[in-house]
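I opened this structure to look up a few points on its sheet, its helices and its core. My entries are below, in the order I made them.

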Amino acid sequence: MAARVWRSSFRDRLCKGLASRVANGPCRYSSTSTASGAGAGAGAGVGAAAKAKIPPSGKKGRLLTGSMIGLAIAGGAYVSTVDEGTFCGWLFKATRLVNPFFALLDPEFAHNLGVSAAARGWVPREKRPDPAILGLEVWGRKFSNPIGLAAGFDKNAEAVEGLLGLGFGFVEVGSVTPIPQEGNPKPRIFRLRNEGAIINRCGFNSEGIVVVAKRLGAQHGKRKMEETSSSSSLPKDGTKQGGKAGPGILGVNIGKNKTSEDAAADYVQGVHTLSQYADYLVINISSPNTPGLRKLQGRKQLKDLVKKVQAARDEMQWAEEGPPPLLVKIAPDLTKQDLEDIAAVALALRLDGLIISNTTVSRPDPVSRNPLAQEAGGLSGKPLFDMSTNVLKEMYMLTRGRIPLIGCGGVSSGEDAYNKIRAGATLVQLYTAFAYGGPALIPQMKAELAECLEKDGFASVQEAIGADCR
């Protein structure tokens, strides 16, 4: 609808401009007339005299003007007849023109600029339906596609509506800490463009749960009003399209403060404050940039932490849909014994899911040869793909496919997403590839994923989950 209104408005303005142009004719001012027009006290008489001095346009000028008018009319007429889907596709492709500009900026400044653009609606909005083959149901929610945006991009829930509007199946915000904190000193984000990677040591820079809760509360209220005013009802199978913040599903990733001595209390506080706005919750215990955080992945520590967080969530009052699912995000730098311990805890406590994985502290080739490899922090992007996918596959087999897994790490194409799904992922997340490729990457990945599924004879994403582990 918005696109049609824009096209209609553009066509009206074009016609009026052309009518005025044809009526007045082309104007070529002499230096004398320009100087006269620049005077603040120039009167009607001076203006008339100046107008009389304008020489008639030549034959070439008339031909050029006529050609431009013809092209403008033809272009305007074509735009007015283009369907909304095609116009939407143009907008996504056009965002590629901005990528070189972002590449010239400081990485963190470019990141903040991207978030601000999405928050203000300066990004395209997906109007085209996703391929039916990409739809699936997880935790009683229907995802229009399994491709999501990982935590770390929109840390403070500033751009939820804009990001969901880009066509992601789900968006995860955070990590959010109880108390606002600046994070580690800058510079703390480093591009390794040739390797398609990023090293960051942000350290949970967050505006805190109070600020984030206000933003999510406003978004949640808006969604509720839309549902109330809508005449549509739930499908017969009881599942609900979209989530608490819009057409896609919203995840909230919770972290702990750097100086906190009681990690469990921080996560519990996050659950009490933010869980009512989340379609799913994530306990982030795997960032390499907060001292001591990864120790919480140990069997005993993880078991105690998950029990406390689950209790905090379950003691709250929930409507018919119940509490949000609880997931844990783990690191790729784990031993086989670590993975076995995490799988045992996840099964014993009936954890709702695992995200595999966070960034790595290792520097696999070809990153090891880059001078920036010496920078401290977590590595994300293409070099992480194999490592994180191996961990994903191992965890799928350890949990016997009984727990939904979100594959994250190095995903930059529809084929990458497909390989994650075959390795055991129910859903897939990306971040670094989105930072490099921009909005145009999303529809491209969805088309590629649908093509991969169809090529191998799968009727749905669900059928392909864990195909390489059977």
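**Ground rules.** I am working from a predicted model, where local features need pLDDT of at least 70, side-chain atom pairs count only at pLDDT 80 or more, and totals for chains, interfaces and linings use all residues. Residues are numbered from 1 along each chain as its sequence is written, and side-chain values use heavy atoms, with hydrogens and water left out.

**Sheet.** I took helices (H or I, at least four residues) and strands (E, at least two) as DSSP runs, numbered from the N terminus. Two strands pair if DSSP finds at least two bridges between them. I found an open sheet of three strands, ordered β5-β6-β12, with antiparallel pairing. The edges are β5 (189-192) and β12 (378-381); each has a single partner strand, so one side of each is left without a neighbour in the sheet. Neighbouring strands are turned by 20° against each other on average, direction ignored. I then looked at β6 (residues 197-200), which is joined to β12 by four bridges. I199 has L379 of β12 as its bridge partner.

**Helix pair.** Axes here are lines fitted to C-alpha atoms, for helices over the stretch in contact, and angles run from 0 to 180 degrees between N-to-C directions. Helix α13 (residues 385-398) packs against α14 (residues 414-422) at about 25°, and the axes are 9 Å apart. The two are therefore roughly parallel, a label for angles under 35 degrees. Contact means heavy atoms within 4.5 Å. On the α13 side I noted F385, S388, T389 and L392; they meet D416, N419 and K420 of α14.

**Cores.** A nonpolar core is a set of buried Ala, Val, Leu, Ile, Met, Phe, Trp, Tyr and Cys residues joined through side-chain atoms within 4.5 Å. Buried means under 20% relative accessible area (1.4 Å probe, protein chains only). The largest core has 100 residues, and Y267 and L354 touch the most other members. Helix α16 (residues 441-455) gives the most to this core, with seven residues. Another core lies apart from it, with seven residues, including I199 and L379.

**I342.** Is I342 buried or exposed? Its relative accessibility is 1%, so I342 counts as buried. I located I342 in helix α12 (residues 336-348). Leaving aside neighbours within four places in sequence, its contacts are Q297, L302, I330, L334, L354 and M395.

Conventions. Parallel < 35°, antiparallel > 145°, perpendicular 65-115°, else oblique. Buried < 20%, exposed > 50% of the residue type's maximum accessible area, 1.4 Å probe, protein only.
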